[in-house]
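I opened the notebook to record how the chains of this model pack against one another. The entries below follow the order in which I looked things up.

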Amino acid sequence: MNFLNDPINFISGWMRDLLTGWGLSNGLTTAIIYFIGITVLIIFAMTLDIILVWVERKVVARFQDRLGPNRIGPFGLIQPFADIIKLVIKEDITPAGADKLLYNLGPVLAIASVIILWAILPLSSKIFGVDLNVAVLYLVAAGALGTLSIIMGGWASNNKYALLGAFRMVANMISYEIPMVVVLLIPTILANSMSVQDITQAQSGMWFAILSPLALIIFLISAIAELGRSPFDLNEAESEIVAGFHIEYSGMKFGLFYAGELLHAFTFGGFIAVLFFGGYGGFFGLEKVGLFSWLNNPFVQAVVFLAKAMFGYWVIMWIKYSMPRIRIDHMLAFNWKFLTPLALVVLVNTAILSKVLAGLPNWGYALGMFFSNIVIGLITIEILRAYGRKQRKAEGNLTLQSAHNQEQAV
Amino acid sequence: MTADQIIFLLCAMLILGSALMVVITRKLIHAALWLVATLFGVAILYAILQAGFLAVVQVVVYIGAIAVLFIFAVMLTRREMLDKGVQTRSTWWLPAILGVLILTGLVFIIIGQPAFGRSAGEIPASVDTLRNLGAALVSPDAYVLPFEVASILLLAALVGAVYVASGNKK
Amino acid sequence: MSIPLSWYLILAAALFSIGLFGVLSRKNAIAILLGVELMLNAVNINLVAFWRYTDPAKMTGQVFAIIVFAVAAAEVAVGLALIISVYRRRNTVIADEIDLMKW
């Protein structure tokens, strides 16, 4: 095993030899190596976060037909550092009557709940934090910790707008966790395992996005609602309740909320890549051909994964900057009356078909699954059209009725 | 003192310290957040016991749902005077004595049993606890009946809670 | 593993008695429910510890713990719904003051 083929084991082996050579016990060596590994992972995630600030501002500018930051550094590349310096030197105000411990703990927990997700994100088959056998459920658990940080931030600010924003955001997040959990079961069923490594390996034949496109769409919608990004961002809408639960946060604490949200969006892009687009692999068997065997290199796999994650992040940004905000009661009605039943129907369909079609060859299986999803999608659209027609007719009758009444009154 | 024992003792201190703060602290919202710390400590304990699935489900169900429900309930039933003043009854020493007595009794029973002094055996590598758990929950000669009854219980609780909390007059 | 089973059982017993103290000595109805949650967690620790130390191949302990999760969630949901409903009518959540039947 050399560095290029197996970087993490190589480095940890070298460090272990070094430290035991210095006379440290085995347990202490293991603890120190784990600690250094965690620190490197966190540094990588936070550096990526800084680059994401630049990416976000450039992309939003291009969507809005302008240039974005281009003065500081070539193409505005030094802009994030200017942002960080501004946030750090701002005055750190704690509102009167705020609960000091909770007020300071809120942003810390917000960004912690995102960084702990990086422990299971597989950058390559050999570069990952830990290969949990319940990784898919761990994703949901980290989201649960995120809701806690929002309540803490909203409550501790001693501000009724912050509290209102926090209530709405938490109601949103826990509602949209339901379709997300249901849809996360679909890659689990298709790959027969909850571990992200197994899910990625199982997609070497066919991406799950092709086997179950409805699951991808539902996961995308629930992920955007979990993140609290537009069009589900009534919780922090500037024009409605003045930045919601992070009104009272200034300086670097707001910076932690903001950076945490961007990193969370990128991490969800990474999960979309892992669960539906084949993660670091998924070249449809191309890497077995002798000419393309360099695709098995861990570093190439990491680059492929980051590119797919960036694509997922770009789709999330695209949706954010193209759609108007949805009202809170519409958001919740959309979840409970549409998304959850649809997710359950897709789950039952996938579960049944994965057993019924198990005997077919690979392409038959893929075709069967894909068509079943298309059929469910068409039926859903028909139901929505009928519902829309009924609503329009009812409203038409209402206006007709009120016009009649007005005529008679006159 | 092996590393396992040190980790267990730290975890136990977290659990018991947070639990004590839950029942003693004056502000109810702080009590709910100390409960979150206790539940997180119990999740770490499950991970030490190599019940990984239970640890993650503990975080999702208890912290993600039940603790959030508590916090919402505290915020919705808040009045200004409620957090001031003593939060325990005037005869609080009686439950304290009762608690200490029960604890002493249980500790005596536990220490008295020599069978409880053993250490855990290794789980053989061929046993995949996650798959066994899944199979046990849906297999007809295992626990599918309690599983189904629990789901009916949850359905009843769902309908009941929505009806009671909706406040509709009949 | 060098941790004897009795340590887990003593931890569960201590958590149980703290929960018991909370239930019996707090005035606020929501604080009483917090104590009940502590007791349920103590029971769960016991179940999982016995599962691990007796027969890890048979999943009885873990299945029982999962059913306890479900029951605790159901109980908290209904209990808090009741408390909120009582608060709307009587404007109090102090257990002592909710002592009149419907007049």
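Predicted model: local features only at pLDDT ≥ 70, side-chain atom pairs only at ≥ 80, totals over all residues.

Residues are numbered from 1 along each chain as its sequence is written, chains are lettered from A and ligands numbered from 1 in the order in which they are written, and side-chain values use heavy atoms, with hydrogens and water left out.

**Entry 1: chain A**

I looked up the secondary structure of chain A and found 14 helices and zero strands, where helices (H or I, at least four residues) and strands (E, at least two) are DSSP runs numbered from the N terminus. The C-alpha trace of chain A spans about 100 × 65 × 40 Å along its principal axes.

I then took helix 6 (residues 160-191) and helix 9 (residues 213-227) of chain A, which pack at an angle of about 155° with their axes 8 Å apart; the axes are lines fitted to C-alpha atoms, for helices over the stretch in contact, and angles run from 0 to 180 degrees between N-to-C directions. Helix 6 of chain A and helix 9 of chain A are therefore roughly antiparallel to each other, on a scale where angles under 35 degrees count as roughly parallel, over 145 as roughly antiparallel, 65 to 115 as roughly perpendicular and the rest as oblique. Helix 6 of chain A passes helix 9 of chain A in a left-handed crossing. Residues in contact (heavy atoms within 4.5 Å) include A:M169, A:Y176 and A:V183 of helix 6 of chain A and A:I218, A:F219 and A:A225 of helix 9 of chain A. By class, I noted 13 nonpolar, two polar and two charged residues in the contact of helix 6 with helix 9 of chain A, with Ala, Val, Leu, Ile, Met, Phe, Trp, Tyr, Cys and Pro counted as nonpolar, Asp, Glu, Lys and Arg as charged, and the others, Gly among them, as polar.

**Entry 2: salt bridges**

Searching the whole structure, I found five salt bridges over all chains, each being a side-chain nitrogen of Lys or Arg within 4 Å of a carboxyl oxygen of Asp or Glu. In one salt bridge, the side chains of A:D83 and A:R57 meet at 3.0 Å, N to O. A:D83 lies in helix 3 (residues 79-88) of chain A and A:R57 in helix 2 (residues 26-63) of chain A, so the pair ties together parts that are 26 residues apart in sequence.

**Entry 3: chains A and B**

B:V56, B:F72 and B:M75 supply 27% of the area that chain B buries against chain A, more than any other three residues. Across the interface of chain B and chain A I found zero salt bridges.

The axes of helix 5 (residues 135-156) of chain A and helix 3 (residues 52-76) of chain B come within 9 Å and cross at roughly 25°, which makes the two helices roughly parallel. Their contact has 19 nonpolar, two polar and no charged residues.

**Entry 4: chains B and C**

Of the two pairs of chains in contact, chains B and C share the most contacts.

Helix 5 (residues 129-138) of chain B and helix 3 (residues 60-90) of chain C pack at an angle of about 65°, with their axes 10 Å apart, which makes them roughly perpendicular. Here B:L133, B:A136 and B:L137 meet C:Q62, C:V63 and C:I66.

Lastly, I checked chain A against chain C: they do not touch, and their nearest C-alpha atoms are 14 Å apart.

Technical notes
Buried area = accessible area lost by both parts, 1.4 Å probe. Left-handed = near helix turned anticlockwise from the far one by under 90°.
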